[in-house]
Amino acid sequence: MAQETVMAPLAGKVVKVHVKTGDVVKEDDEVCTIESMKMENTLYAPVSGTVAEVKVTAGQFVQAGDVIAVIEY
Amino acid sequence: MAEWLEYPGGVYKKKEDLYRELEERRQKILQMGDPQVLERRRKAGQLNARERLELLFDNGEYLEIGMHVKHRTTHFGMDKAQIPAEGVITAFGRVNGRWVAAFSEDFSSMAGTFGEYHGKKEAYAIQFAMEKGIPFIGMNDSGGARLQEGMDTLEAYGWLFRTQTQASGVIPQIALLLGPCLGGQAYHPVMQDFVIQAKNVGFMGIAGPAFVKTQIGEDITLEELSGWRAHAVKSGQTHVVAEDEKDAIAKAKELLAFLPSNNREKPPRIKTEDPPNRTIPELDDLLPDEPFKPFDMKKVITAIADDGRFFEILGHFAKNLITGFARFNGRPVGIVANQPIEAAGVLDMNAADKGARFIRFCDLFNIPLVTLVDCPGYIIGSRADWAGILRHGAKLLYAWSDATVPLISIIVRKSYAGAHYGMLDKSIGADFVFAWPTARITIVGADTAASVIFAREIRESPNPEETSRKRIREYSEIYENPYISAERGYTDDIIMPHDTRKYINRALDLLENKFVTPGTCPWKVWRKYSNINL
């Protein structure tokens, strides 16, 4: 099984995590919302698959490039 | 072969025999290489090298040159090798009525390998296209370097790279990845203006999986290492992804329609039924009231462009900046726009690289540029600084400062700090700057500004939060609007969103004859070129 990761494009604060481990997601489904550069940034699933891991929780600060979630497909 | 006849001074053949000999040679070459390869590919639903050219050119007609070209290697049994057309067909034909030069590598002819004369044919096609002022299209499908030829093959790569570089900025060059293109040969497509990669069959990379495995021990599939995702999404080297070969050729034609044949021409203007002054009421409702809520900038692009059509360039890479071609009142225009729904529309390293090369392409080929701005600034932080955001971000400043084509900026929302220039403003060279009433044009957001200017006051206040809120509000009311910029004349007018298309078309009409002497700075001092941060 191949894996794709959802990464934080910018440093910021996690406002909401829309998925949990085991969820089946479609490409472009919402995965996580981060507040950064005074904007709400929603991160989407890069591929359709199953959420193998969620690495963040709401309220947490993340750096650019941090892995938010791993999706297996 | 026909019989030689004797005469006292030597031998000869009859005319009809000579004509037949030509026909025999020609047929052999036209049948291309290994029938098994041709059959295998046909069964897999792939087109052969000649079918691709027929699909590209109007009525499937093309003028071929160099079909009889042959390598001169004798080592390793190469003296017996039959390689029809040297594994690459060079042809000229019309695309949508305009002449185009192309080559199509033939994988059935010794795997389309790149030897000395294969390379010479390719370089000659580009040289010819440059001299005659017609675009060039390369269809790549090759097993790589023909190692039997050693140094001769190596040298031919150099001719190709130098020729295409000399033609860069003179004629548009488009690469189609319709098969493998691996090894140093992959510099050929990458050094062209646009790369179109067909899914499942087109592969590009500095080395293929086998070489990577033996040299550095990395285990990776061809698709993952060199497929469309590798370059359209990760490396930013594939500008357009095509579903298959036919789609790749169709997209190349669509792209060509936006481009002039060479740098002495303007891009072709077409007739349109879309009224130039069309108002767009839905744009007045598009932006959320809250400045921290994102919106999809592509909706603005398709709303204002002729017939809602937009040909995106690098759509899968650095999505925080949108680049691509649209038409306004029939005129091709390059669009550079922030995308607030991707990474807040921030300008990062990849976005700057993507934008700068697109701007320079448009400038080289006389294509006006329009920006749509909603940008919080260049990205900050140790990661960005150490990755060279200043060096990368500088490319945008260079590109705008050097540009001589009509330049129009539409400030939709945020235009802060360095991104104010990075997305084109008056001081960096814009001819027109129009702002929506929702625009916030200033040096920095109010909370940052207040935290610096009133740091001490806030710190010493009995109620720091209240003081901070008051000062932020004060700064915001004074500066976070389009009017200060308009009062100074940096913004030419504040326009309603629904009038955006009308204003862009008026500006383009007015700038039709804009001319800046190329190759000179405003002081008319000769120089080779500006030293852009690469």
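Are Glu21(B) and Lys13(B) buried or exposed? In this predicted model, local features need pLDDT of at least 70, side-chain atom pairs count only at pLDDT 80 or more, and totals for chains, interfaces and linings use all residues. Side-chain values use heavy atoms, without hydrogens and water, residues are numbered from 1 along each chain as its sequence is written, and chains are lettered from A and ligands numbered from 1 in the order in which they are written.

Both Glu21(B) and Lys13(B) are buried, a term for under 20% relative accessible area, with exposed meaning over 50% and partly exposed in between (1.4 Å probe, protein chains only). Their side chains form a salt bridge with an N to O distance of 3.0 Å; such a bridge is a side-chain nitrogen of Lys or Arg within 4 Å of a carboxyl oxygen of Asp or Glu. Over all chains, the structure holds 43 salt bridges.

A further salt bridge joins Asp141(B) to Arg41(B), with the closest N and O atoms 2.5 Å apart. Asp141(B) is located in the loop between β6 (136–140) and α5 (151–167) of chain B and Arg41(B) in helix α2 (residues 35–43) of chain B, so the pair ties together parts 100 residues apart in sequence. Helices (H or I, at least four residues) and strands (E, at least two) are DSSP runs, numbered from the N terminus. Both Asp141(B) and Arg41(B) are buried.

Lys395(B) and Asp353(B) also meet through their side chains in a salt bridge (2.9 Å, N to O). Lys395(B) counts as buried at 10% relative accessibility, whereas Asp353(B) is partly exposed, at 27% relative accessible area.
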